[in-house]
Amino acid sequence: MFILTALRSVNIGNDTISYMSAYNSLSYMPNFVIVYLDGRMEIGYLFLSWLCNQIGLSYLQFQCIISAFIYFSFYKFFKWYSLNVALCCFLFITMFRMGGTMNVIRMYCAIAILIYAIPCVLKRRLGAFLLVVVLASLFHKSSFIFIVLYPLCIRKYNRVEHGFIIFSSIIIAYLGASFFEWLTTSLDLYEGYVNEERFDNMNHTAVFLGLLITLLIYLYAKLMGYFGQPQYGALVNINDVCIKKQSITLEYFCRISLIITIGLSIIGLTNNIMGRVSGYFSIVTLIIISAVLFNMRNSYMKIFVYGVIIFLYTAYFIVILLYRPDWNHLVPYEWGI
């Protein structure tokens with residue numbers, strides 16, 4: 001995955017050529033202040049691009065650095081929390097998140113950084129969590145939405161509150177562009193997106209499929225008892241001495257993340273920006289699938305479910321790749337070397 005992403009040509013990925021043009025233009029700006037004032041990209045991504053440009057790296061070399069960081073972070077995420085790393089890698093490809101690493105680069109840099117905020121949530125380290133979220137926001141401002149995870153995770157599960165999240169999502173989806181026009185104007189962020197055609201006329205099918213898959217995963221995990229785990233678990237340090245403050249269990253964290261994903265996906269049915277933002281949280285679906293399958297006791301049923309998942313996601317990937325190539329523009333593939 002890293003080789004295909006890092007060494008792709010500028011014709012692979014809808015946004016790659018725009019990123020390359022922006023990167024090459026930095027060679028005419030030796031002063032970083034000028035770069036920041038003239039650009040609409042976030043300061044973190046701009047500074048990294050400017051720094052690599054000034055030391056003489058080509059865009060392809062810069063692309064390799066970005067891709068290496070993204071895939072290293074996801075690999076660490078799978079190693080930390082997955083019970084089947086190989087399955088997570090397969091799902092990462094077929095659920096089309098691999099396509100995202102070749103398109104919305106700044107956002108995937110932010111997601112890769114936010115991976116290191118997850119241990120902070122589980123260990124209830126608010127200061128470290130906020131620091132990581134702020135760092136991620138330097139690459140994509142929308143990553144600030146990740147902050148909502150902390151207060152929701154430290155509270156005990158409440159069906160009424162989480163039902164309110166889903167109900168609010170339906171209302172916001174119904175209001176559509178009028179709500180986001182008010183929101184972006186109030187925050188003075190991404191105002192141009194609301195007026196663009198792609199705000200409500202692009203990839204509704206992808207968002208709907210994502211919402212459907214997320215709902216099925218949530219229901220399946222609930223039926224298999226994955227979300228029956230307690231909210232808190234014992235946390236031990238390297239000396240095997242229990243600390244006083246309890247940690248959030250991974251199962252509870254995944255449950256909250258999935259509820260947020262469902263809410264954002266519902267909003268995404270009427271605007272694609274929020275559907276894309278759900279990617280900050282939906283990555284936990286890979287962990288949930290691997291955990292539920294790992295804990296199945298009936299070996300024959302486990303093999304059957306593995307086969308069904310592999311078949312369906314392979315078919316999903318091939319159909320989108322062949323019949324919706326405009327979604328990520330990955331085929332026909334071209335090397336950049």
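Leu138 counts as partly exposed, at 32% relative accessibility, where partly exposed covers the range between buried (under 20% relative accessible area) and exposed (over 50%), taken with a 1.4 Å probe and protein chains only. This residue lies in the loop between H10 and H11, helices being DSSP runs of H or I with at least four residues, numbered from the N terminus. The model is predicted, so that local features need a pLDDT of at least 70 and side-chain atom pairs count only at pLDDT 80 or more, while totals for chains, interfaces and linings use all residues. Residues are numbered from 1 along each chain as its sequence is written, and side-chain values use heavy atoms, with hydrogens and water left out.

From Leu138 the reader can move to Glu42, which is 96 residues apart from Leu138 in sequence but 5.5 Å apart in space, C-alpha to C-alpha. Leaving aside residues up to four places away in sequence, Leu138 touches Glu42, Ile43, Gly44 and Tyr45, a contact being heavy atoms within 4.5 Å.

Glu42 itself is buried, with a relative accessible area of 2%, and takes part in a salt bridge with Arg106, the side chains meeting at 2.8 Å, N to O. Because Glu42 lies in the loop between helix H3 (32-38) and helix H4 (43-54), and Arg106 in helix H8 (residues 105-114), this pair ties together parts that are 64 residues apart in sequence. A salt bridge here is a side-chain nitrogen of Lys or Arg within 4 Å of a carboxyl oxygen of Asp or Glu. Arg106 also counts as buried, at 6% relative accessibility.

Lys141 forms a salt bridge with Glu42 as well, with the closest N and O atoms 4.0 Å apart. Since Lys141 lies in the loop between helix H10 (126-137) and helix H11 (149-154), and Glu42 in the loop between H3 and H4, the pair ties together parts that are 99 residues apart in sequence. Lys141 is partly exposed, with a relative accessible area of 31%. The structure holds two salt bridges, and through shared partners Glu42, Arg106 and Lys141 are joined into one network.

Another feature concerns the surface, where Phe2, Ile3, Leu4, Trp335 and Ile337 make a nonpolar patch of about 510 Å². Such patches are made of residues with over 30% relative accessible area and no salt bridge, nonpolar side chains (Val, Leu, Ile, Met, Phe, Trp, Tyr) being joined within 5 Å and like charges within 9 Å, and accessible areas come from the Shrake-Rupley method with a 1.4 Å probe, only the protein chains shown counting as cover for residues. Trp335 lies in the segment after helix H20 (299-323) and counts as partly exposed, at 44% relative accessibility.

How values were computed:
Helix = DSSP H or I, 4+ residues; strand = E, 2+ residues; numbered from the N terminus.
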